[in-house]
Amino acid sequence: MQTKIRDVYVCVNCGFECGKWHGKCPSCGQWNSMSEETLETKSTKFSRLPPQKPDKPTKICEISVEFEKRYKTGSSELDRVLGGGIVRGSLILVGGDPGVGKSTLLLQICKHLSKNLNILYVSGEETKRQIKLRSSRLKFESKNLYVMSQTYIDNIIDEIQKSKPNVVIIDSIQTMICKEINSIAGSVTQVRECTNSLVNVAKSLDIPIVIVGHVNKDGMIAGPKVLEHVVDVVLHFEGDKRLSYRILRCIKNRYGSTNEIGVFKMSNDGLCEVENPSLMLLSGRPQNTPGTCVTCVMEGSRPILAEIQGLVTKTNFGNPRRMSTGFDYNRLSLLLAILEKRAGCFLGTLDTYINVVGGLRLEEPSADLCVIMALISSFRDKIIKEDIIVFGEIGLAGELRSVPNAQERIIEAQKLGFSKCVMPFHNLKTLEKPVTNIEILAAKNIREAFGFLMSL
């Protein structure tokens, strides 16, 4: 057995390896991302992996998926985000801030799956007694749940090959160590090699593996970007750990939609599902207050109502402040320019603040009109009535552009008692069924939209 030791520089962003240091990564173009690592490789490095049989090409029409069954997690919110459940042989990466509830969610998955399946829970951060204390807090025990406190990936893979459980959970990938690599746990090389080993085991044995990933100070999953490319599903937990609500967002999914979200509430018994996120996000809404407006956005196939608050006030500094929470800052700057040019609202000497209530992050352009209306309402100190909902994308000319799924948005607003809807004029042609019990106000530009709101 031969051993080779060499020093390389690895990009922490994309995992690119080079024999010399570069200020800018030649692969991804990231500055100051090259870190020096010492690699110790052996000729028997991949001997722990199960042998693969030669695979001959097969016509896709001859491949049968009739008996393909997904594992249900016991949580309808999580199953929706995953696209219907856990696919056998898949590798799922769950990331999020410390204390947001990643380990709690996985242990709740074990609670449901262990009723009929054998689960192997591997923790590199907690001892078996600590995991037992957490399961006692969640009030469950199971004879089909096997707990393992281990950090060496070789021992973990040997146990998986020996016991062949139905589902494997790794908490977390940054604590795993490959003996053949001479670097610390959590380094780019360690994370990449350990993940590749788990991918080979998951595909060869047809066992789904769920791994937990830490996040860096920017909120992105720590480790090389290749980590997200290798896995099949990437889930990200969002939400302030000081608040009770959590949002599980799908960033990548090879077996379903990437636009779905799941909403949970942290309680003493763990994470509870929120069946009606719109009602949750609108609870505690102020009455008869300028600067607040409600919109409806689509998160996958689900319409969600969200409250947007705007505040325009006199600045105490030479340069006015622009702050945005839950809404893209660059998009806000563009909307402010449209307001000044097309609506005659000069905000160049005023501080402007936008906040999406409930910790929701809006990325859909249909929230543009709601942001504009909240700012104008605060600027002119005019109240937008509580039973009005608005949505629409705004162009640079101040026109309202049509948005998809207008029918579903209106139906969701009807369920929560809204009686008036301001939307783009061109969306009238897309309504499949006549709308009742709600008044439709179709506007062609932002001046018409605000005129409708002030006349009611």
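Asn437 is exposed in this predicted model, with a relative accessible area of 73%. Its place is in the loop between strand 20 and strand 21. The backbone there has something to look at too: phi of Asn437 is near 65°, a positive value in a residue other than glycine. Asn427 lies in that loop as well, between strand 20 (420-424) and strand 21 (439-443). Is Asn427 buried or exposed? At 0% relative accessibility, Asn427 counts as buried. Setting aside neighbours within four places in sequence, Asn427 is in contact with Ser402, Val403 and Ala406.

Phi of Asp206 is positive, at about 60°, although Asp206 is not a glycine. Asp206 sits in the loop between helix 5 and strand 8 (209-213). With a relative accessibility of 39%, Asp206 counts as partly exposed, while Asn437 is exposed at 73%. The loop between strand 7 (167-171) and helix 5 holds Ser172. Ser172 is joined to Asp171 by a cis peptide bond, with omega at about 5°.

Now for the overall picture. The protein has eleven helices and 21 strands. Its C-alpha trace spans about 80 × 50 × 50 Å along the principal axes. Of the 456 residues, 48% count as buried. Looking at contacts between residues at least 6 apart in sequence, 67% of them join residues at least 24 apart.

How do the axes of helix 4 and helix 5 cross? The axes of helix 4 (residues 153-163) and helix 5 (residues 188-205) come within 11 Å and cross at roughly 5°. An angle under 35 degrees counts as roughly parallel, so helix 4 and helix 5 are roughly parallel to each other. On the helix 4 side, the residues that meet helix 5 are Ile153, Ile157, Ile160 and Gln161. Their partners in helix 5 are Cys194, Ser197, Leu198, Val201 and Leu205. Sorted by class, this contact has seven nonpolar, two polar and no charged residues.

Helix 2 and helix 3 give another picture. The axes of helix 2 (residues 102-113) and helix 3 (residues 128-137) come within 11 Å and cross at roughly 70°. Angles of 65 to 115 degrees count as roughly perpendicular, and helix 2 and helix 3 are therefore roughly perpendicular to each other. Here Ser103, Thr104 and Leu107 of helix 2 meet Ile131, Arg134, Ser135 and Arg137 of helix 3. The residues of this contact divide into two nonpolar, three polar and two charged.

Helix 9 and helix 11 make a further pair. The axes of helix 9 (residues 368-380) and helix 11 (residues 446-455) come within 11 Å, crossing at roughly 60°. That angle makes helix 9 and helix 11 oblique to each other. The crossing, as helix 9 passes helix 11, is right-handed. From helix 9, the contact takes in Leu369, Ile372, Met373, Ile376, Ser377 and Arg380. Helix 11 brings Ile446, Ala449, Phe450 and Leu453. By class, there are eight nonpolar, one polar and one charged residues in this contact.

What about the cysteines? A disulfide is a covalent bond between the sulfur atoms of two cysteines. A search of the whole structure finds zero disulfides. Cys370 is buried, with a relative accessible area of 0%. Cys421 is in no disulfide either, as the nearest cysteine sulfur, that of Cys296, is 8.6 Å away. Cys421 is buried too, with a relative accessible area of 1%.

Finally, Met280 has its place in helix 7 (residues 277-282). Met280 is buried, with a relative accessible area of 13%. Leaving out neighbours within four places in sequence, Met280 is in contact with Tyr245, Val263 and Val274. Met280 and Gly392 are 112 residues apart in sequence, and their C-alpha atoms are 23 Å apart in space.

Technical notes. Residues numbered from 1 in each chain as written. Predicted model: local features only at pLDDT ≥ 70, side-chain atom pairs only at ≥ 80, totals over all residues. Heavy atoms only, no water. Axes fitted to C-alpha atoms, helices over the stretch in contact; angles between N-to-C directions. Helix = DSSP H or I, 4+ residues; strand = E, 2+ residues; numbered from the N terminus. Parallel < 35°, antiparallel > 145°, perpendicular 65-115°, else oblique. Left-handed = near helix turned anticlockwise from the far one by under 90°. Contact = heavy atoms within 4.5 Å. Nonpolar A, V, L, I, M, F, W, Y, C, P; charged D, E, K, R; others polar. Disulfide = S-S within 2.5 Å. Buried < 20%, exposed > 50% of the residue type's maximum accessible area, 1.4 Å probe, protein only.
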